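Please look over the sequence and the model below, and then follow the description from its sheet to its helices and loops.

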Amino acid sequence: MEWKINKGSKGCILCNKEFCEEEEYCSALFDENNAFIRKDYCASCWSKDKGDGLFSFWKTRLPKRDKPVQKFVDNEVFLDMFIRLEGKNEPNQRNLRYVLALYLIRKKIFKLKSFKKENGEEIITLHFPKENKEFNVFNPDLKDEEIDAITSEMSQLLNYPYLEQEVLINAD
Ligand SMILES: [Zn+2]
């Protein structure tokens, strides 16, 4: 999965208004030709036509400049992405779903339930206690470097793009 982000963007993608401290706005991921593109919208532009490909979105609030940088993206965003990727078969989408699963296990949102082999592929069954659901995830057998690369791309895409101090997803 490719991740694209307009690093220069400090404001709304439609009206170009810059976001101010503590302003609430919407961040959205679009799936465009198998690449994720992040776009930020001010509250009033969010209700306008956004075109096709909206994959996932979340509300964000710009922190005060002098406040320490916190972890911005909450687990709901990752859970939402994970669920939306169910049944997607592009290798990139599968890889991403697996990395999201690892993250959500680490955050104790999911519990590992079992492993099985199906057509030569390992399938991990996860339990989601909050809704008493189960999910299956393909294990794409990624190397540690590949997991790290996806994690850091994801983190860059999902956090505020213009803050110097990026917070890695796996930095607890
Ligand atoms: Zn706007």
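Two strands are said to pair if DSSP finds at least two bridges between them. Helices (H or I, at least four residues) and strands (E, at least two) are themselves DSSP runs, numbered from the N terminus. With these terms in hand, Phe 128 has Lys 133 in β7 as its bridge partner, and Ile 124 is bridged to Val 137 of β7. This is a predicted model, in which local features need pLDDT of at least 70 and side-chain atom pairs count only at pLDDT 80 or more, while totals for chains, interfaces and linings use all residues. Residues are numbered from 1 along each chain as its sequence is written.

Taken as a whole, the protein has 3 helices and 7 strands, and from the N terminus on its elements follow the order β-β-β-β-α-α-β-β-β-α. Of the 172 residues in the protein, 18% are buried, where a residue counts as buried if 20 or more other C-beta atoms lie within 10 Å of its own, as exposed if 12 or fewer do, and as partly exposed in between, with C-beta atoms placed from the backbone. Among the contacts with a separation of 6 or more, 55% are made by residues 24 or more positions apart; a contact here requires that the C-beta atoms of two residues, placed from the backbone, lie within 7 Å.

The bridges described above belong to β6 (residues 121-128) and β7 (residues 133-138), which pair in the antiparallel sense over 6 bridges. Strands of a sheet pair through backbone hydrogen bonds, either parallel or antiparallel. An open sheet of 3 strands is arranged in the order β5-β6-β7, with antiparallel pairing, and its edge strands are β5 and β7, each of which pairs on one side only. From one strand to the next the twist averages 25 degrees, the angles being taken from 0 to 180 degrees between N-to-C directions, and the axes being lines fitted to C-alpha atoms, for helices over the stretch in contact. Helix α2 packs on this sheet and touches β5, β6 and β7, its direction making about 130 degrees with that of β7.

The hairpin of β6 and β7 has 4 residues between the strands, and Asn 132 takes a positive phi there, near 45 degrees, although Asn 132 is not a glycine. Asn 132 counts as exposed because it has 7 C-beta neighbours inside 10 Å. A second residue other than glycine with a positive phi is Lys 108, with a value near 65 degrees; Lys 108 lies in the loop between α2 and β5 (111-118) and is exposed, with 9 other C-beta atoms within 10 Å.

What does helix α1 pack against? In α1 (residues 75-84), Phe 78, Met 81 and Phe 82 are buried. Seen down the axis of α1, these buried residues fall within an arc of 100 degrees, so they line one face of the helix; the arc is that of the directions from the helix axis to the C-beta atoms. An α-helix has 3.6 residues a turn, so residues three or four places apart point the same way. The buried residues of α1 pack against β4 (54-61) and α2 (91-106).

Two packed helices are described by the angle between their axes and the distance between the axes. For α1 and α2 the angle is about 145 degrees and the axes are 9 Å apart. The contact is made by Asn 75, Phe 78, Leu 79, Met 81 and Phe 82 of α1 together with Arg 97, Leu 100, Ala 101, Tyr 103 and Leu 104 of α2. These residues divide into 8 nonpolar, 1 polar and 1 charged, where Ala, Val, Leu, Ile, Met, Phe, Trp, Tyr, Cys and Pro count as nonpolar, Asp, Glu, Lys and Arg as charged, and the others, Gly among them, as polar.

Two residues earlier in the chain complete the description. Arg 38 has its place in strand β3 (residues 35-42) and counts as buried because it has 22 C-beta neighbours inside 10 Å; its C-alpha atom is separated by 9.6 Å from that of Ser 56, 18 residues apart along the chain. Cys 20, by contrast, is found in the loop between β1 (2-5) and β2 (24-32), and with 9 C-beta neighbours inside 10 Å Cys 20 counts as exposed. The C-alpha atoms of Cys 20 and Lys 64, which are 44 residues apart along the chain, are separated by 8.8 Å.
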